[in-house]
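Here are a few exercises to work through with the model on your screen. Try each one before you read the solution.

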Amino acid sequence: MFKRVALFLATNLAVLVLLGIVMSVLQNVFGISLGNNGALLLFAAAFGFGGAFISLAISKWMAKRTTGLHLITEPRNEGEAWLLATVKRQSEAAGIAMPEVGIYDAPEINAFATGPSRNNSLVAVSTGLLRAMSRDEAEAVLAHEVSHVANGDMVTMALIQGVLNTFVIFLSRIVGRVIDAALSGNRDGGTGPFYFITVLVLDIIFGMLASVVAMWFSRWREFRADEGGARLAGREKMIAALERLSQTYGESTLPKEVRAFGISGAVGHGLRKLFMTPPPLAERINALRNMPATI
């Protein structure tokens, strides 16, 4: 938890520094003023959505680079041939283009899907999953990941993150001006000595609140992907896969860039649950058991 908070704070500091540099160039070099709220909102939207969609555009490349996965183009053995055939069958049933399929080296049971669109995606499983799960259980996990792609979760997540980024950038600077004016007595619309410190603190506070919203959506999409996995592979297979996942649940060696897309996540209690994705296994299994028996 402390590593995540430290990473979050460092990310916000980096965003603030970059934003400050860009704003300084716009104001001092090009003479563009962002004092107007409309101009600031447009700039915040461009910056907020730009970062989110750049991350989405490079998501597959980043996943390959950070996990060191082996991309299956020509199967080297029967297991890889089964993986390709299973994903091909499920993607056709889900109405999406065949994702790229990969295997990455990790001890825990895990898998993830990522990519910029429903027809340009990647599904990857860990070596730990292949060792620990039966074919039926692995089939359900693949169906879960294919459902993420079919649901357009990566694009939706980028849109939500773009909106949240926009309002974090915009509100922190609007509120920062008000606080700065009150503390420094500056009433002419400019910024005083307290402005940048105030904005830094507000970036962190508003960013943490935005993370709660993003993680809530991320947990919700896991329930949807479980349901989709049950439809593609069978409800009992999906339940069995989640029960098997409990063997290493809470362990993840996935890099931070793709960790939110993994089927296995952290275990949290109390306030920590607000920043946790995916949701607890018990809740996911219970939701599947309460689904209609026809699935």
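**Exercise 1: around H3**

Just past helix H3, glycine 68 has a positive phi of about 65 degrees. (Helices are DSSP runs of H or I with at least four residues, strands are E runs with at least two, and both are numbered from the N terminus.) This is a predicted model, where local features need pLDDT of at least 70, side-chain atom pairs count only at pLDDT 80 or more, and totals for chains, interfaces and linings use all residues. Residues are numbered from 1 along each chain as its sequence is written, and side-chain values use heavy atoms, with hydrogens and water left out.

Task: find which residues of H3 are buried, and what covers them.

Step 1. Buried means under 20% relative accessible area, exposed over 50%, and partly exposed in between (1.4 Å probe, protein chains only). In H3 (residues 59-67), Ser59, Lys60, Met62, Ala63 and Thr67 are buried.

Step 2. Look down the axis: these buried residues fall within an arc of 165 degrees, so they line one face of the helix. (The arc uses directions from the helix axis to the C-beta atoms.)

**Exercise 2: isoleucine 205**

Task: say where isoleucine 205 lies, and whether it is buried, partly exposed or exposed.

Step 1. Isoleucine 205 sits in helix H8 (residues 195-233).

Step 2. Its relative accessibility is 42%, so it counts as partly exposed.

How values were computed: Contact = heavy atoms within 4.5 Å.
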